Amino acid sequence: MKDRFESLAGQVQSRRDFDSPPLHLWHPPLSGDMAIRIDAQGKWYHEGREIKRESLVRLFASILRRERDGEYYLVTPSEKWRISVEWYPLLVIDFDVLEPTRAHLLQGTLNTGRKVIVSELQPLFLDADAGSIAVMTLPHGLSAICTRPAWYRLVAMASHQDGVTAPGVRRISACTFGFVAVALIHH
């Protein structure tokens with residue numbers, strides 16, 4: 001199994017576009033199951049050992065997708081390995097409001113360091129099954145759940161300026177963390 005893990009890592013590292021590879025173009029047959037697991041806290045494990053190299057986690061996260069069967073796969077042009085995900089594969093660890101023009105944009109930062117703009121294609125929603133915790137929809141069938149600090153930052157942004165909500169915030173409702181949840185208008 002170690003050889004498969006290293007082979008997969010080598011394939012992806014040799015590609016220049018691993019930050020945003022064209023997963024939608026890659027459809028190899030299933031290579032099998034790989035002993036990689038993402039736990040409920042977003043930590044990655046291989047054969048029971050935590051993968052501590054952040055660069056390797058970022059690398060694997062860049063080739064991760066969830067397919068219609070509900071399973072998660074690491075995909076390259078020539079290989080496709082099914083892995084195990086306990087809850088959500090990624091975490092939103094922070095939010096920022098960007099103001100590049102007159103339109104305000106909400107940007108989430110993932111635990112992999114990737115920055116993602118909240119939009120109609122990548123909306124933020126409340127997962128009632130997870131206790132109404134905010135979750136961000138991502139490309140390739142993925143999603144990222146908000147960490148507590150990211151959640152609090154989002155709530156603070158929603159309630160700043162004397163009760164006037166931050167740009168893009170439409171409504172506020174109850175949430176698991178005992179504060180409020182924020183639903184966003186899609187731009």
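In strand β12, S143 is the bridge partner of T137. Strands β11 (residues 133-137) and β12 (residues 143-146) pair in the antiparallel sense over three bridges. Two strands count as paired if DSSP finds at least two bridges between them. Strands are DSSP runs (E, at least two residues) and helices likewise (H or I, at least four), numbered from the N terminus.

This is a predicted model: local features need pLDDT of at least 70, side-chain atom pairs count only at pLDDT 80 or more, and totals for chains, interfaces and linings use all residues. Residues are numbered from 1 along each chain as its sequence is written, and side-chain values use heavy atoms, with hydrogens and water left out.

**The sheet**

Strands β11 and β12 belong to an open sheet of six strands. The order is β9-β8-β7-β12-β11-β10, and the pairing is mixed. The edges are β9 (115-117) and β10 (124-127), each pairing on one side only. On average, neighbouring strands here are turned by 40 degrees against each other, direction ignored. Axes for such angles are lines fitted to C-alpha atoms, for helices over the stretch in contact, and angles run from 0 to 180 degrees between N-to-C directions.

**Salt bridges**

The whole structure holds eight salt bridges. The term means a side-chain nitrogen of Lys or Arg within 4 Å of a carboxyl oxygen of Asp or Glu.

| Pair | Distance (N to O) |
|---|---|
| D33 and R82 | 2.5 Å |
| E86 and R37 | 2.5 Å |
| R153 and D96 | 2.7 Å |

What does the D33 and R82 pair tie together? D33 lies in strand β1 (residues 32-38) and R82 in strand β6 (residues 80-85), so the pair ties together parts 49 residues apart in sequence. D33 is partly exposed, at 45% relative accessible area. R82 is partly exposed too, at 23%. Partly exposed lies between buried (under 20% relative accessible area) and exposed (over 50%), using a 1.4 Å probe and protein chains only.

The side chains of E86 and R37 also meet in a salt bridge. E86 sits in the loop between β6 and β7 (90-98), R37 in strand β1, 49 residues apart. E86 is partly exposed at 45% relative accessibility, and R37 at 29%.

R153 and D96 form another such pair. R153 is in helix α3 (residues 148-158) and D96 in strand β7, 57 residues apart. Both count as partly exposed: R153 at 37% and D96 at 22%. Elsewhere, salt bridges that share partners join R65, E67 and K80 into one network.
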